[in-house]
Amino acid sequence: MEVFRILAINPGSTSTKIAIYDNEKEVFETTLRHSNEEIDKYEKITDQYDFRKEVILKALGENDINLTKLSAVVGRGGLLKPIKGGTYAVNELMIQDLIAAQMGEHASNLGGMIANEIASQLNIPAFIVDPVVVDELEAVARISGMPEIERKSIFHALNQKAVARRFANESNKAYEELNLIVAHLGGGISVGAHEKGRVIDVNNALDGEGPFSPERTGGLPVGDLAKLCFSGKYTHADIKKMIKGKGGLVAYLDTNDGRDVVKMIENGDENAKLVFEAMAYQVAKEIGSCAAVLKGKVDAIILTGGLAYGEMLTNWIKARVEFISEVIIYPGEDEMSALAQGGLRVLRNEEAPQKYV
Ligand SMILES: Nc1ncnc2c1ncn2[C@@H]1O[C@H](COP(=O)(O)OP(=O)(O)O)[C@@H](O)[C@H]1O
Ligand SMILES: CCCC(=O)OP(=O)(O)O
């Protein structure tokens, strides 16, 4: 059997994960964590391009990975125009849209760009898989309450779909038979209502919807936010940073690391406990909303993402939502293998790559 060697690159808001797969087998994986100070000095996401590329190449070099043996490079897809799920070949238009960041700024914008640069030097293909803009929202979910603003589907599509499929496999059912609520608890937090294989509603994890997260505010009281915007104290750029990057745990506790917060709590910090429990409370409320979206027919609730490693947080969430359905915890994410498998399906001609237009 032909062996395809794939480099998977996954830039997240607090980390860059890289992995090498020989077909389905992971042969190398590492998570390069980035502190708030490290990331904070870059004004725009594209300004982080060289920094992220260098840390990736350094880690590959230090681990004696021979790049010339690669068959393809697959990056996490970023804020493109809303598109259906699947594997997309990186093309010029995609790179232009990612550089222009017209749909917004997020670390995942760098996935396709860095994959493309490494792949083009080796003359091999570059792909993205299930980008954060996968859009399966029902019409009713798009209405915000203000005609000028339409709700958008921006979430951890890659991991939410991967863990939902994992749960389906482990239950000997098809993903398309199940109704699931998936909460991805990472640098950003998204909670999606998966109805028979489609994410029919999900909070926009990037732009002020849903629970607050390690570095984002989530939904805010809009009247007070409008007052703050026009107070004359802040520029548009300041407000954007306060919502995304310097919101949530960072604003309250000066760290984006859930493990630091657990240590603070263990050392008796009551404020840290209140804030961390509030994050769990908001996640639980969002799960409750998704249960209403699914009309109460929920086969399971899945908690995933880096924060799902922490039992303090998951126990708080569980206590408020386990009356809805069984709670399954898949800590971390299946994004790296989902990226590799998306690339593999195309390299094996099992699936044609989709074209971003
Ligand atoms: N073992 C752990 N216990 C608690 N929190 C953790 C653990 N590992 C990672 N985290 C937290 O998870 C968050 C990052 O999750 P992750 O899914 O890696 O984020 P992203 O990909 O969005 O950058 C950070 O707040 C990190 O501190
Ligand atoms: C852009 C939505 C996905 C997201 O928030 O990812 P991170 O948690 O990695 O920032």
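This is a predicted model: local features need pLDDT of at least 70, side-chain atom pairs count only at pLDDT 80 or more; totals for chains, interfaces and linings use all residues.

**Ligand 1**

- Ligand 1 sits in the second largest pocket.
- The shell around ligand 1 has 19 residues, and the closest of them are T14, G187, N256, D257 and G258.
- Strand β2 and helix α9 each contribute at least two residues to that shell.
- The side chain of D257 has an N or O atom 2.6 Å from an oxygen atom of ligand 1.
- Backbone atoms take part as well: an N or O atom of the G187 backbone is 2.9 Å from an oxygen atom of ligand 1, and an N or O atom of the G258 backbone is 2.9 Å from an oxygen atom of ligand 1.
- On its own, ligand 1 has 570 Å² of accessible area, and the protein covers 89% of it.

**Ligand 2**

- Ligand 2 sits in the largest cavity.
- The residues around ligand 2 include the glycines G12, G187 and G188, the histidines H106 and H156, and the arginines R76 and R216.
- Also around ligand 2 are S13, V132, I154, F155 and L206.
- A polar atom in the side chain of H106 lies 2.7 Å from an oxygen atom of ligand 2.
- For R76, an N or O atom of the side chain is 3.2 Å from an oxygen atom of ligand 2.
- G188 makes its approach through the backbone, with an N or O atom 2.8 Å from an oxygen atom of ligand 2.
- The protein covers 96% of the 310 Å² of accessible area that ligand 2 has on its own.

- Strand β9 (residues 179–185) runs parallel to β12, and five bridges join the two.
- Within that pairing, L180 has A300 of β12 as its bridge partner.
- Strand β13 (residues 327–331) also runs parallel to β12, again joined by five bridges.
- Here I302 has I328 of β13 as its bridge partner.

- Strand β10 (residues 189–195) pairs with β11 in the antiparallel sense, over four bridges.
- One of the bridge partners is the pair of A193 and D201, the latter being in β11.
- The two strands form a hairpin with two residues between them.
- K196, in the turn of this hairpin, has a positive phi of about 45°.
- Strand β11 covers residues 198–202, and four of its five residues are buried, so this strand is largely enclosed by the rest of the structure.

**Residues with a positive phi in loops**

- Most residues other than glycine have a negative phi.
- N23 is not a glycine, yet its phi is positive, at about 50°.
- N23 belongs to the loop between β2 (15–22) and β3.
- Is N23 buried or exposed? N23 counts as buried, because its relative accessibility is 5%, and the cut-off for buried is under 20%.
- D254 is likewise not a glycine and has a positive phi, of about 65°.
- The loop that holds D254 lies between α8 (248–253) and α9 (258–266).
- D254 is exposed, because its relative accessible area is 63%, and the cut-off for exposed is over 50%.

**T31**

- T31 is in strand β3, which spans residues 25–33.
- With a relative accessible area of 31%, T31 is partly exposed.
- T31 and C290 are 259 residues apart along the chain, and their C-alpha atoms are separated by 31 Å.

Terms used:
Residues are numbered from 1 along each chain as its sequence is written. Chains are lettered from A and ligands numbered from 1 in the order in which they are written. Side-chain values use heavy atoms; hydrogens and water are left out. Buried means under 20% relative accessible area, exposed over 50%, partly exposed in between (1.4 Å probe, protein chains only). Two strands pair if DSSP finds at least two bridges between them. A residue is near a molecule or strand if one of its heavy atoms lies within 4 Å of it. A polar contact is a pair of N or O atoms within 3.5 Å; within protein, one must be able to donate a hydrogen and the other to accept it, and residues adjacent in sequence count only if both atoms are side-chain atoms. Accessible areas come from the Shrake-Rupley method with a 1.4 Å probe; for residues, only the protein chains shown count as cover. On a 1 Å grid over the protein atoms alone, a cavity is a set of points where a 1.4 Å probe fits but cannot get out, and a pocket is an open set with protein on both sides within 12 Å along at least five of seven lines; lining residues have an atom within 4 Å of a point. A molecule sits in a cavity or pocket if more than half of its atoms lie within 2 Å of its grid points.
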